[in-house]
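Please study the sequence and the structure shown below. The paragraphs that follow lead through a few of its parts in turn.

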Amino acid sequence: MADSNTLTSEQVYANKKESKKEKMIVKTAKRLLKNKLAVFGLIIIIIQVILAVFAPLFATYDPIKQDLTNAELGIGSDGHWLGTDNYGRDVWSRIVFGARISLLVGIGSVGLGLLGGIALGLVSGYFKKLDGIIMRFVDLLFAFPGILLAMLIIAMLGTSLVNVVIAISIWSIPTCARIVRGSVLSIKKQEYILAMKSLGASNFRILVKHVLPNCTAPIIVFATMRMATAILSTAALSFLGLGAQPPTAEWGAMIAAGQDFMFTSPHLTIVPGIAIMLVVFAFNVVGDGLRDALDPNMDLDQ
Amino acid sequence: MLGLIGKRLLQLVFLLFGISFLVFMSMHLAPGDPATIIGGPTATESDLDAIRAELGLNNPILVQYLDYIRGVVQGDLGYSFQNNQSVSESIATRFPQTLNLAIASMVVAVLIGVPAGIISAIKQNSWFDVSSTTIALAGISIPNFWLGAMLILIFSVELQWLPVGGLNAPFWTIEGMKQLILPAITLGTASAAMIARMSRSAMLEVIRADYIRTARAKGVRKNVVVWVHALRNAMIPVITVIGLNFGFLLGGTIITEQVFAINGVGRLMIDAIAARDFPVVQGTVLLVATLFVIVNLLVDIIYAFIDPRISYD
């Protein structure tokens, strides 16, 4: 009889499933760590996360506090190792707080975009009747090149950082929906899904518990790559004056402001640009690495 | 083939209606009353009513949309809220600069991207391959507005070789080319990187194909195999990427124009978004999106033409 020491068959099954999942994660991580560029990217992302979370600890000054007596100091100045801008604000502190903004905007817009894209993709892949309508809508969103859709949404909602998040998330929806739909279409024909159906499981249960977990790999890769696009686009929109407004310490807005002082203080333009490039590069290479690591066809060397 | 083109054209018409409806609705659902924007702070209620009546803002929204479409078909995109200029005319005077920039960037992107990708693939894992794939990744990651600023800093401010901005001389003159170089590199870099990545992976796939091995085995020289047999087949997916990138470049001109103070459609759009000048936003967005879908349609057709294996059923 089952006493406290013996496991029921259900628990054994659950444990097995758990360990299989763990194995998968360990395997993916191992493969990812073999990729030197991806490791470099991971390190940069970790640094950004640490800076973002503990921004007040790393920033040496208040990022928006003006100090006109110390304006436009160069790199390596006393007490301001990255110099100061035209209002005497410490560039390093602004970069640190900018890391927080770019990470938050990235996570916010990618998260919202995934939510919308996954929902639309699951529904359109699974329910044939809704597929046509949803995909025509997705096609319509695809008709706007690159950043134009985000701009249209900002034109409608007004210029602010929150609206940038909304705009970029809507712009992420069509691609995500297509990726998820593709996975759903290939999964739903498999026997175990048909079996679940014949056992009387509800559509919602099948979608969330059985179909969705099988689309995780492409979703993870998409989300990582999308972080890069989101951070780059936020900076671009803020550069154009459509996103973060002064005096917010946002990297794109810093470049826009620094451009006026390019002759006297080029570091105001150079430094935030390097920050953006490093972070975007990091998410791109980790995304690339994840795609290879999660690809079952790459199993040959194992 | 003709059936395919006909079907695509029909889809295009529906898509254009969809785009115009979406753009129109998003501008009309936007908060803010156009009448107050036009009338300004001093307008009285009766002034506002007069403006609303003149613009037809009291009509049902669907009627307003149909009126708008009727205008668009005749080339009338309405009038700016800010200065009452015809939107079609403003776009017409600025569009050549934008197109000029987009085409020049495309040329830069193809001239750099395609050879880099092919050489990378032929010499896989060589130092050239490693550095060019890394540079390509950096090229995708670099903010183009920042790249533009850096190019200005180096070539205009420090070396003083090229002008800081502006694009008014025709592109066939020396002055015009000088003005075009930096903006074209700025905008073309990301596309060059994407094209290089695509060319590399397409070429790698083709090189490993059986018929390439057969060609080598029967004694065709390596260069001939690469440049004649492999290249033609590898270029098929690359052409798609190039086509799609043209649309991407049209969107990208918006930012590049801002960096180099080029008076194109993009700057018109940005200024209009900031001023909430809805007819101008509507007109410019509609133009860019329409061009984008038309280019995509052409790519689809060319694709089916060069690769008879493709069928769109």
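Predicted model: local features only at pLDDT ≥ 70, side-chain atom pairs only at ≥ 80, totals over all residues.

**From a loop to an interface**

Pro247(A) belongs to the loop that joins helix H10 (216–239) to helix H11 (251–258) of chain A. Leaving aside residues up to four places away in sequence, Pro247(A) touches Ile64(A), Arg89(A) and Arg94(A).

The buried residues of H9(A) are Ile206(A), Leu207(A) and Val211(A). They lie on the same side of H9(A), because they cover an arc of only 95° around its axis. An α-helix has 3.6 residues a turn, so residues three or four places apart point the same way. The buried residues of H9(A) pack against helix H4 (91–126), helix H7 (161–187) and helix H8 (191–198) of chain A. On the face of H9(A) turned away from this buried side are the exposed residues Phe204(A) and Lys209(A).

In chain B, Thr253(B) is part of helix H10, which spans residues 222–259. Thr253(B) counts as buried because its relative accessibility is 1%, and the limit is under 20%. Not counting residues up to four places away in sequence, Thr253(B) touches Thr98(B), Leu101(B), Ala102(B) and Leu187(B).

How do the two chains meet? In the contact between them, 43 residues of chain B touch 40 residues of chain A. The size of an interface is often given as the accessible area lost when the parts come together. For chain B and chain A this buried area is about 3,500 Å², and 84% of it is on carbon and sulfur atoms. There is one salt bridge between the chains: Arg197(B) pairs with Asp288(A), and their closest N and O atoms are 3.3 Å apart. Six residue pairs are in polar contact across the interface. On the side of chain B that touches chain A, at least two residues each come from helix H1 (2–29), helix H6 (127–141), helix H7 (144–158), H10, helix H11 (265–275) and helix H12 (278–306) of chain B. The largest share, eight residues, is supplied by H1(B). By class, this side of chain B has 34 nonpolar, seven polar and two charged residues.

Key: Residues numbered from 1 in each chain as written. Chains lettered and ligands numbered in written order. Heavy atoms only, no water. Helix = DSSP H or I, 4+ residues; strand = E, 2+ residues; numbered from the N terminus. Buried < 20%, exposed > 50% of the residue type's maximum accessible area, 1.4 Å probe, protein only. Contact = heavy atoms within 4.5 Å. Buried area = accessible area lost by both parts, 1.4 Å probe. Salt bridge = Lys/Arg side-chain N within 4 Å of Asp/Glu carboxyl O. Polar contact = N/O pair within 3.5 Å; in protein donor to acceptor, adjacent residues only side chain to side chain. Nonpolar A, V, L, I, M, F, W, Y, C, P; charged D, E, K, R; others polar. Arc of directions from axis to C-beta.
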